[in-house]
Each structure stands twice: as structure tokens, then as C-alpha cells.
Amino acid sequence: MRCDRRRAAALLGLFLSFASIVESSENPVLVYKKKYIMGTIFEIAAYDQSPQHAAKAIENAFQEIVRLDDLLSNYKPDSALSKLNRSAHFQTQRVPSDLYRVIDQAVQFSKLSGGEFDISVAPLVNLWKAALRGDGTPSLAQQKEVRSCVGYEKIALTPPDRISFRSPCLQLDLGAIGKGYAVDRAAEVLHSMGIHDALLVAGGSTILGMGTPPNQAGWWVHLRDPSNKIDPQVLLKDESVSTSEQTAPSLLGNGSAGHIIDPETGQPLKTEFAVSAVTKTASASDGLSTTLLLLGPTKGKALVKDMTGVSAVWISHQAQPEIVNGGPQILLGKGSQTPVSLGKNQ
Amino acid sequence: MNIGRTILLWIFVLVSTSAWSNVFVQWTGGAIPPATELGMNDLVLSWNDSFWSQAKEARKQGYRVYVVTPFNQAQTATEAVASGVEGVILSVRQSERAELEKSLPKLQAANPRIRFLVLNPDGKQPEMRGSLVIKRDSVLEVSSPTAQPWIDTNLALVKLEQRSHQGQVPLYTFSWNEPSDGEQKPILTAADYSLAIAEAGAFHADFILRPDESLQKALSEHNAGAWTLWNQVRTYANFYSNPAEQGMEPAANLAVVLDNLDPSDEVMNLLARHNLPFKVLGQSDLDRGKLEGYDVVIVFAKPDQTTSKRIIDLATQGKTVILVDADGVYPWQSRDAVRVNEHTLSYPFGSGKVLELSEPVTDPETFAQDIRRLLGKENALISLWNGLTTIAVPYRDAGTLKTLEFINYAEEPLRVQVQVKGAFASVHYETPERKCCESLEATRHDGFTEFVLPDLRIAGRVHLNRWPDD
């Protein structure tokens, strides 16, 4: 793989030698790249006077995400997470600092949500994933057996880098927070290389706006709207937004499988909402959006109101938004040049 | 478009069938390098003022020359035959297809010695697609925040073309994506060109490659970097020029019955993206064709009386027939129905059934997932893991799966797990970069064979070998 990349880089260099592109300009140029990592598409759009420098910074940021994928993946058998999942049952294991930090942050969200958000839900997720692929709905006995493995309180964290599981079958899945963490680290790489105005996107569901585009107040992001009637938007400036939504219900079947599992019931979450959460970091928005989807608008709004600088919106197919604007204003403005704000805490 | 008339139309159309996939290169500017150096022999020139001089030069450089013209200039382009061209390529947009049906037979009759090829110019640049949309005022936005990774593929277009002119090789092309306002113009890489060639090759289609003008100029000027890039691209064209695999047919156990052949239909794009091998049929095929090999039949057409009877036959044989946007009175409705959900009624016929979906497909992603569930694990011809950017196309010979073509739109090495229906003695793997063939470790259980592609970068091919006494 490394050899291929070097060859590709060399070819690109050769091609650049005859391609007529501007080395640098007074006006910042937008450079956009995408890469498949962590089972999804990461995209970065960055402004800089030198497109070559921006391209290099973006590549470095992607490499940081690749490095994190090698640690946080539960698909790769040699990742630090996979090793932890195999060996930490009643045994303390030393883990890389990034893995420790992500798990620590995830546990904080679990505590904050009273266990609604739980990265130990992996065995249940796998059970229901199989149902999505056509294995049929798992039996109650299967569900019960697997549920006994779940519970964030069974994760023992010993700073700065030691973790053990107080369960013989606990498994962690960082899918609900890992991409956000990777986006934050990628943004650090861009900053370290002098790129201050960029938009980073992980799979379309977690977005971080660094700085602003030229002559703009921030990065306008249109949010998921299941009703297709509201067009919620938010302006990001050094902020992140993430959206969570349950898998759409079947058109031809009567199953209730979905990729977000409610740890309380052990079954796919039944909700009609899509939730977007706006926070200062991508790790926080990623974890919080899933948490708020699981909590629902009533409990979720109470949680957000207790947080500083956080906004959130729940939107159903019936186009009745529930908004908390404790941070950047989430605006509703379908078909309008100047979206109408519903104000704070409506 | 009326499918029956379309088939008749294509009897008049002669297309190249010398290989299972042929790459034509469209040259628009600069001195034309010799065919031996470019490594591709079929050159396409536009019908314009410089055609005559370019055609003369191209023939001198050893090419078979074709002229491409918009369909509405077809008559004047026939003059190009005087320059010794191999054929006239008619670029026909979807909106012109009805006119083509009327005009092409007349054109052919008036010019019996000219070889006409019909080109679908409405392909899309194959790529892994992101969710960012860059707007005119340089503000960036993100659409569909929860959308899954997406790819732009021409598989549905090729499937439709295969149905439109059965027995003929589809021919298509596309324009490279333009940069958005304020965005640096992306430089097309060897991987971009290779992916375009690989896609057409994997789908067994002919393809017109349009090298960027800066690349054409650089090749004309003997730029070393440009030639290094081009030689990479050539390896992909060579990879798909092997006539040994000619004669195989795409394997599918899902039939899609259509009235209108619209390649922009997202349902078929999603079936392709979910690696559900399907074949496009017209309603007439349903009436008279043999459908034993299909487990699920999706009907987007409004069934007439004959088709309705055929649908009952299929369900009685144990197949699942899905009638989409079912609005009408049909004979199976005299039976007791089971309400599946608010959208769907099921009419059981033993182990088969007719499912009536009362509305059009509003969510093609969910629909494709539903189809995979309806097929069931036991009938899944192929399943991929870690393959969200990968399309697999199975081919069979005499009813037996023989070859799998893989395309990875992410253009970077990927480890992909594959499960294919059937117990195979051995599995061999080749790529344009690693020539034939590496033996892959395979495990077999419950009538399926599993293996891992170690490093699928853009294209790969797997050969499946049966046990000797099978």
C-alpha cells in the first residue's frame, strides 16, 4: 500500500510539472479532497494562498485519520480497540493515549445521559446488524443473553492509559464518537500546518467548520430535515455539528431493525426524529447527537439547556422542530435568502 | 421508449464486438501520437472544421478512425466516410431516443455501407462521491447529513443499454466533472482515467475516453510525466482486452421490469451500489421469457392482462414478485391479502408471493436493503464486507459462476471480504498491477465460498474454479 501511495505521489508530481496551475495567489484558493477511511468518506475543503500547501496539509490530516482508524477500528483485527476487546476482560490493559481519550469521553457521555449513550452496546448492535442483513429478528433469549454483556459502568478506566472490563463479554464499539474524535485530530493537523479556514466532514454526519471562508461570517451548513419542509441551517465558526437518525423503516417488510440500539430496551430505537447537535468540538457533537436521539426531545432539551454553548434541533417527518439555541443559532429558512430564526430555547 | 421497437432498431445498428470491452480515445487537440505509443487503436474525432486534417494524420499514425457527431448532424457526418473512417458514432441523448427510432433505419437505408454506432453520452464520471456541495457564492453546504457513502457508477446505465440493444455492446462516455466556483481545478490522475476504463471493462461495455486537453498536449509534446501517467492507464485497457472471457454473461437472480428505460433512475443505481446483481427486462420479456433463474422480480411497469397472469405463474413457482406503485385491479387481488405495513400488501402463493407497494419508491436506499432481505441469505449471489465503495459484477458461463469483476471507487487499496454463492475448489485473483494469478485462501460453508481480496485498489478480477467432478 505504501509503495502504491509513493508511486501515486510521484506520478502526481510528474504530472504537476507540466500541468499549468497557479503556484500561489493573493486570493485564497479552495482545495477539496476526499478519502475513504473508517468505513466512510471523509472530506476536507480548505482555503489557502498556496493550493499545493493546502493539498499537502489535507493529505497529512487524512493520514492522521488513517492512523486513528488503525487504533479505533473494531473491523481491523489488529487495531488497539480489537486487542482491547479481546484481552481486557478482568485484566487491565495499557492502551494508546488516543484510544484512552476517546473511551474516557464516551464514558462521560454515558454518565451525562444516565446510560442512554453507551459504547458497550456493540454486541447488541452486531445482533441487530445481522437482522438488517436478513438473518431474521433475534429471539428474546438471544437478546437477553447479549444484553447481559452491556453496561458502560463495567468499563474501568485508570488514568492515564489503563483500561479493564468488569464483565466476561463486554465489547466496545466507538462508531458513535470515533469519527468526531478523528475530525478534531485532523483539524489540529491542519492548524499546525497554518491552515485556519477549512470545513471537515465525516460521512456527511459530523462536520467541523474551522475559521471562515473568505469574506464570510462562517460556514453555512444545511441540516438533515426528514420533513423536507423546514431547511434548518447553522453557521459554523470554529464549531461542529453532528446529526443522528435511525435507519429508515422498511418499505416492504414489517421488521424494526435499525442501526441505533437503545441500551435500555436492547432493541433498535424507535424514533421519528433526526437530531442535530452543535458544539465546540466534533467529538462532543458526535457523541451528543446520538445521546439526544436516544433521550428524545423532552429529556434531551433539559440536558442541552444545562450545557454551555450547545444548540440542538429535533425534527420529525411532521415538520415540528424542537430547538434549543444555547450556542450557535439554528435557523429555519426553507426557500428564504435570509432564514428566519426561531430564537433561543423554543 | 417502446422496448420492442428499440430491439428492432438495434438490428440496424452495427457495433464493434471484437472484444468484451473496447476503449476508444477521443482526441481533440495537439499532434496525435502514434497508435503504437498510445497503445489504443481506435481514435474518435469530432465532426468539425479540423476533422479532415486530423483524420488524415490519425490514419497516418496507425489508428482506426471514427467520427462522432450529435445525432441531429448525422446526415452531414456521413460525408466523413470519404476520409476512410471506420464508422460514424451518433451521440444520442435520452431525449432523442424516440427520434432515433424513426430516423436511424432511414439513415442506415440511405447509407448501407456506413457502420453506425450509437453512443450514450450521458454517463457520469465514476467516483466516490462526497456530501459537500460548493455553491456559487463560495459558501459550502452539506446535504443529507446522515447519507451513507455514495458512489457514482454507470452500471445502471449499462444494464439499460444492454436491454435496449440485446446482443450488442453498450457504448457510452461522460464529461469530467467541472470544478465549482472558487475551487481549484482538480487534476485528473492516472487513477481517475484507470477507474473510468476499469468500470467499462468490468461492466463489459465499450467506452470513449476523453483525455483532458492538457494531458493530450503533454502527450503530444513527449512530456515524460504525461507518458508515465498514460502507461499506467494503458495497463488498465490491456487488463480488459482479454478475449478469452468473451461469451460469458452477467449473472443475476433479480429481474427489474421496466416500461421506460431511464438511466437516471435512482432505484437501479442503489441496487447496483448494494451489489444486488440484476437484469433489466421489458414487459414483453416477462410475458415470453424464461425466468427460472430469478428469485425476485420487481415490476415497475403497469401490468396488462397477460403480464398479470405471468406474475401469478411466477409467484406460484415460489418467486417473490414486487409490484411498485400498484394502482389497479389485478387477478391476485381476489385472494386474501396480508397487510405487511402501511405501504405494502402481500398475496401469498405457497412459498411465493406478490407484494403490492402502493406508492413509488420514495427511499431507494431502504428499498435496496429490503430487496436484499427479501432475497434472503440463501439466495445472495454475492455479499461484500468493507465494500461500501466497491461494486462486484458476477459473470457466468453455462449457468455456472466463473468470474467476478470488482471496482473500487475509492481508488485506494482496500481489503474486501467476499462471500459468493457456490462451493468452489479454488479462487484466483488478478489485478492490472499484479498479473494473473494469485491463489486466495477460501473457506466454504453452507453452500457459499468466502475469501478476502487483499488490496483492491481500483480493479480486480476473481476466477472461481469448480471441483473437477462438478
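**Entry 1: a strand pair in chain B**

I looked up B:Val427 and found it opposite B:Leu440 in β25(B). The model is a predicted one, where local features need pLDDT of at least 70, side-chain atom pairs count only at pLDDT 80 or more, and totals for chains, interfaces and linings use all residues. I kept the numbering rules beside me: residues run from 1 along each chain as its sequence is written, chains are lettered from A and ligands numbered from 1 in the order in which they are written, and side-chain values use heavy atoms, with hydrogens and water left out.

I noted what a strand is here: a DSSP run of E with at least two residues, while a helix is a run of H or I with at least four, and both are numbered from the N terminus. Two strands pair if DSSP finds at least two bridges between them.

Strand β25 covers residues 438-440 of chain B. Three bridges tie β25 to β24(B), and the pairing is antiparallel.

**Entry 2: the other partner of β24**

Which strand do five bridges join to β24? I found β28 (residues 459-465) of chain B, antiparallel to β24 (residues 426-430). Here B:His428 stands opposite B:His463.

I then followed β28(B) to strand β22 (residues 400-408) of chain B. This pair is also antiparallel, over five bridges. B:Leu404 has B:Val462 of β28(B) as its bridge partner.

**Entry 3: the sheet**

I wrote down the strand order β12-β21-β22-β28-β24-β25 in chain B. It is an open sheet of six strands with antiparallel pairing. Which strands sit at the edges? They are β12 (249-250) and β25 of chain B, and each pairs on one side only.

**Entry 4: cavities**

Next I looked for empty space. Rolling a probe the size of a water molecule over the atoms shows where such space is left. The search uses a 1 Å grid over the protein atoms alone, and a cavity is a set of points where a 1.4 Å probe fits but cannot get out. Points are joined across faces, edges and corners, and the volume is the space filled by probe spheres set on the points.

How many cavities of 30 Å³ or more does the whole structure have? I found three.

I listed its lining, meaning residues with an atom within 4 Å of a point. Among them are B:Leu155, B:Lys159, B:Pro250, B:Phe278 and B:Val393. By class, ten lining residues are nonpolar, one is polar and one is charged. Nonpolar covers Ala, Val, Leu, Ile, Met, Phe, Trp, Tyr, Cys and Pro; charged covers Asp, Glu, Lys and Arg; the others, Gly among them, are polar.

Both α6 (155-164) and β21 (390-397) of chain B supply at least two lining residues. The largest share, three residues, comes from β21(B).

I checked peptide bonds. The one from B:Cys436 to B:Cys437 is cis, with omega near -10°. B:Cys437 is in the loop between β24 and β25 of chain B. In chain A, the bond from A:Pro159 to A:Pro160 is cis, with omega near 5°. A:Pro160 lies in the loop between β4 (155-158) and β5 (162-165) of chain A.

I also looked at phi. A:Asn215 has a phi near 60°, a positive value in a residue other than glycine. It is found in the loop between β7 (206-210) and β8 (219-222) of chain A. Is A:Asn215 buried or exposed? A:Asn215 is exposed, at 81% relative accessible area. The cut-offs are under 20% for buried and over 50% for exposed, with partly exposed in between (1.4 Å probe, protein chains only).

B:Asp446 has a positive phi too, near 50°. Its loop runs between β26 (443-445) and β27 (448-456) of chain B. At 73% relative accessibility, B:Asp446 counts as exposed.

**Entry 5: the chains as wholes**

I counted 13 helices and 28 strands in chain B. Chain A has eight helices and 17 strands. Buried residues make up 57% of the 470 residues in chain B, and 56% of the 346 residues in chain A.

Notes
On a 1 Å grid over the protein atoms alone, a cavity is a set of points where a 1.4 Å probe fits but cannot get out, and a pocket is an open set with protein on both sides within 12 Å along at least five of seven lines; lining residues have an atom within 4 Å of a point.
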